[in-house]
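Welcome! Take a moment to look over the sequence and the 3D view below, and then let us walk through them together.

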Amino acid sequence: MMDANFWKGVLLCIKVFEPLVRVLRLVDGDIKPSMAWLYGELVNAKREMKEAFNNLERNYKDTMGIVEKKMNGRLDSPLHMAAYVLNPHYSYADDSTFDSVDINTAFYSCV
């Protein structure tokens, strides 16, 4: 308990899992958010998790693999991505949302 490395590890765990807890609270809340909010918040959570690992792929690779595995087939459908693109909260805040090939392909297939 007196080791500084222990507390650095605890701080890293909090930084990594706090964004996921926020997404889980949205899903489990009394007020059900729309698909666009869930997908957008999950994208933000993944970005924050990468930042917690100092954007070093070797550090976040395993954690992101778990998140991607749980997300695949559940929250990455064309309908989720189309709702994400059409949500002004996300699309106008970041112009690069429209540059993603995956999101545009999903949007066109949904339309």
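## A glycine after helix H3

Just past the end of H3, Gly-73 adopts a positive phi of about 85°. Keep in mind as you explore that this is a predicted model.

Helix H3 itself covers residues 57–71, and a bend of about 30° is found at Thr-63. Is Thr-63 buried or exposed? Thr-63 belongs to the buried residues of H3, together with Tyr-60, Met-64, Val-67 and Met-71.

Met-71 is part of the largest nonpolar core, which has 11 residues.

## A histidine in helix H4

Next, find His-80 in helix H4, which spans residues 78–86. Is His-80 buried or exposed? Its relative accessible area is 12%, and the cut-off for buried is under 20%, so His-80 counts as buried.

What does His-80 touch, once its neighbours within four places in sequence are left aside? The contacts are Met-35, Tyr-39, Arg-74 and Leu-75.

## Salt bridges

How many salt bridges does the structure hold? There are three.

One of them joins the side chains of Arg-22 and Glu-48, with a distance of 2.6 Å from N to O. Because Arg-22 sits in helix H1 and Glu-48 in helix H2, this pair ties together parts that are 26 residues apart in sequence. Both ends are partly exposed: Arg-22 has a relative accessibility of 39%, and Glu-48 has a relative accessible area of 23%.

Another salt bridge brings the side chains of Glu-68 and Lys-46 together, at 2.3 Å from N to O. This pair also links distant parts of the chain, with Glu-68 in helix H3 and Lys-46 in helix H2, 22 residues apart. Here Glu-68 is partly exposed at 27% relative accessibility, whereas Lys-46 counts as buried at 15%. The remaining salt bridge is between Glu-51 and Arg-47, whose closest N and O atoms are 3.4 Å apart. Both residues lie in helix H2, four residues apart, or about one turn of the helix. Glu-51 is partly exposed, with a relative accessible area of 42%, and Arg-47 is partly exposed with a value of 42%.

## A nonpolar patch on the surface

Finally, turn to the start of the chain. Which residues form a nonpolar patch on the surface? The patch is made by Met-1, Met-2, Phe-6 and Trp-7, which together have about 540 Å² of accessible area.

Trp-7 can be found in helix H1, which runs over residues 4–28. With a relative accessible area of 42%, Trp-7 is partly exposed.

Key. Residues are numbered from 1 along each chain as its sequence is written. This is a predicted model: local features need pLDDT of at least 70, side-chain atom pairs count only at pLDDT 80 or more; totals for chains, interfaces and linings use all residues. Side-chain values use heavy atoms; hydrogens and water are left out. Helices (H or I, at least four residues) and strands (E, at least two) are DSSP runs, numbered from the N terminus. Buried means under 20% relative accessible area, exposed over 50%, partly exposed in between (1.4 Å probe, protein chains only). Contact means heavy atoms within 4.5 Å. A nonpolar core is a set of buried Ala, Val, Leu, Ile, Met, Phe, Trp, Tyr and Cys residues joined through side-chain atoms within 4.5 Å. Patches are made of residues with over 30% relative accessible area and no salt bridge: like charges are joined within 9 Å, nonpolar side chains (Val, Leu, Ile, Met, Phe, Trp, Tyr) within 5 Å. Accessible areas come from the Shrake-Rupley method with a 1.4 Å probe; for residues, only the protein chains shown count as cover. A salt bridge is a side-chain nitrogen of Lys or Arg within 4 Å of a carboxyl oxygen of Asp or Glu. The bend at a residue is the angle between axes fitted to the seven residues ending there and the seven starting there.
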